[in-house]
Amino acid sequence: MFDNLSTKLDQAFKTLKGQGRITEINVANTVKEIRKALLDADVNYNIAKSITNEIKDEALGKDVLIAVKPGELFIKIVYDKLVSLMGGELAEFTPTGSPAVVLISGLQGSGKTTFSAKLANRLKAQGKQALLVACDIYRPAAIDQLHTLGEQIGVDVFSERENKDAISIAQKGIQYAKANGKSIVIIDTAGRLAVDEQMMQEISAVKQAVQPSETLFVVDSMTGQDAVNTAKTFNERLDFDGVVLTKLDGDTRGGAALSIKTVVNKPIKFISTGEKPDTLDVFHPDRMAKRILGMGDVVSLVEKAQQAFDEEEAKRLNKKLRKNQFDLNDLLSQIQHIKKMGNLKDLMGMIPGMGKMLKNVDVDDDAFKPVEAIISSMTPTERENPDIINNSRKRRIATGSGTSVQQVNNLLKQFQEMKRTMKKINTMQGMGGLPGFGK
Ligand code: GDP
């Protein structure tokens, strides 16, 4: 996710590395690089220009504390800007009503149907009785798809194949929900490949008729500025409540995530990162900013861990990460757990410093094999304190794990880098930065 943007921002910050203080000249260079990185990520030109101007003014207006290097101060300023660009606060999703009605809109292929099922799955996990309603009156395949997904996740689907009136299907769906004790109704609507007047009229009419508590607009993040333009058009007609960004597991450049809030002034509420039912996350602007800046997203990682394993283990990991006591034992156990959790590259990107390490790596289960083998060949003391691993130990570990000394060295180097990044984040936290981290 956003690999290119992360790399380019990292390069921009490097222009400040080793510089003792912030000056007009070094700030101008860095800001230019940041603007280029944002434009390359397909961020709207005006947005990129205005936020980089703000970054520049802020950096020049700041006295550099003795304890903080210009590079670190800059990262903090950019971090704050990214967070506010993406909406600042977490936007709640709390539909009300009995049943609560949620209307799902978006273009065909954006991931509406998949998202509808994921949302139902999530609500079901929270103990809610959800009903999915198939309102696509043009494509029977869309109705079949929703039924298949509903079966997979164990959620009822309401449809009327012969009925060609979307409003009537939606209304009957709500009646069905009332009669069957459902507390929340998710209405999946028809989309077109491009914005079209008939589609807009139809979905506006459905909205008018069912008065949803939440209208969500689903958009494919891979489409960059098009996503932003489509959002604008839908918002003008529908006045939706929130955005769902899909396909963030792909090679997304990030432009949509960074521009949508400013353009439509509606928050991103969910992000979808895969085709499986459990690949849905609530959108946290602060966590996303940390990931873009290569600071990892320990909080999301810990939450995923909590879903996948027991709470005690997750708490222990969170504590160790915060105290910077994360050792190779933890890395090994995390790798073993992570392998069970889904998109490996994205998950690993949540660990501070790991995103950078993995940017050119095609991560699959096999990618971890040498790492697992190397750590498994270490003694418990070596895993807790890798500093004691001298050359003869390295040779023994390489032979034991069927790898080379070079691979052992690489792993140790990467692990050190992870720890350094962790330390940096903890230091910034100490200066009152990075709100919400590790709480
Ligand atoms: P709809 O036409 O808007 O209802 O779109 P669908 O829900 O049918 O999704 C279109 C395609 O995108 C399907 O092949 C989905 O499996 C896929 N898809 C949806 N969301 C995601 C996502 O977050 N990641 C990936 N990789 N694929 C997705």
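Three bridges join β7 to β8, and the two strands run antiparallel. Two strands pair here if DSSP finds at least two bridges between them, while helices (H or I, at least four residues) and strands (E, at least two) are DSSP runs numbered from the N terminus. Residue numbers start from 1 along each chain as its sequence is written. Please keep in mind that the model is predicted: local features need pLDDT of at least 70, side-chain atom pairs count only at pLDDT 80 or more, and totals for chains, interfaces and linings use all residues.

Let us stay with strand β7 (residues 268–272) for a moment. Five of its five residues are buried, so β7 is largely enclosed by the rest of the structure. Buried means that 20 or more other C-beta atoms lie within 10 Å of a residue's own, exposed means 12 or fewer, and partly exposed is in between, with C-beta atoms placed from the backbone. On its β6 side, β7 runs parallel and is joined by three bridges; valine 243 has isoleucine 268 as its bridge partner, and leucine 245 has isoleucine 271. β6, helix α10 (residues 255–264) and β7 form a right-handed β-α-β unit. Right-handed means that, with the strands pointing away from the viewer, the path from the first strand over the helix to the second runs clockwise.

Next comes strand β5 (residues 214–220), where seven of seven residues are buried. Glu214, Leu216, Val218 and Asp220 point one way, and Thr215, Phe217 and Val219 point the other. β5 pairs in the parallel sense with β1 (residues 100–106) over five bridges, with valine 102 opposite glutamate 214. β5 also pairs in the parallel sense with β6 (residues 242–246), again over five bridges, and glycine 242 is the bridge partner of leucine 216. From β5 the chain crosses through helix α9 (residues 225–238) to β6 in a right-handed β-α-β crossover.

Now for the whole sheet. It is open, with eight strands in the order β3-β2-β4-β1-β5-β6-β7-β8 and mixed pairing. Its edge strands, β3 (156–158) and β8 (280–282), each pair on one side only. Neighbouring strands are turned by 25 degrees against each other on average, direction ignored. Helix α7 (residues 166–179) packs on this sheet, touching β1, β2, β3 and β4, and its direction makes about 165 degrees with that of β2. Contact means C-beta atoms, placed from the backbone, within 7 Å; axes are lines fitted to C-alpha atoms, for helices over the stretch in contact, and angles run from 0 to 180 degrees between N-to-C directions.

The loops deserve a look too. Aspartate 239, in the loop between α9 and β6, has a positive phi of about 50 degrees although it is not a glycine; with 12 C-beta neighbours inside 10 Å, it counts as exposed. Lysine 247, in the loop between β6 and α10, has a positive phi near 60 degrees, and with 21 such neighbours inside 10 Å it counts as buried. A cis peptide bond joins serine 98 and proline 99.

Finally, the ligand is surrounded by 18 residues, the closest being Gly111, Lys112, Thr113, Thr114 and Ser272.

Technical notes. A residue is near a molecule or strand if its C-beta atom, placed from the backbone, lies within 6 Å of it. Two residues are in contact if their C-beta atoms, placed from the backbone, lie within 7 Å.
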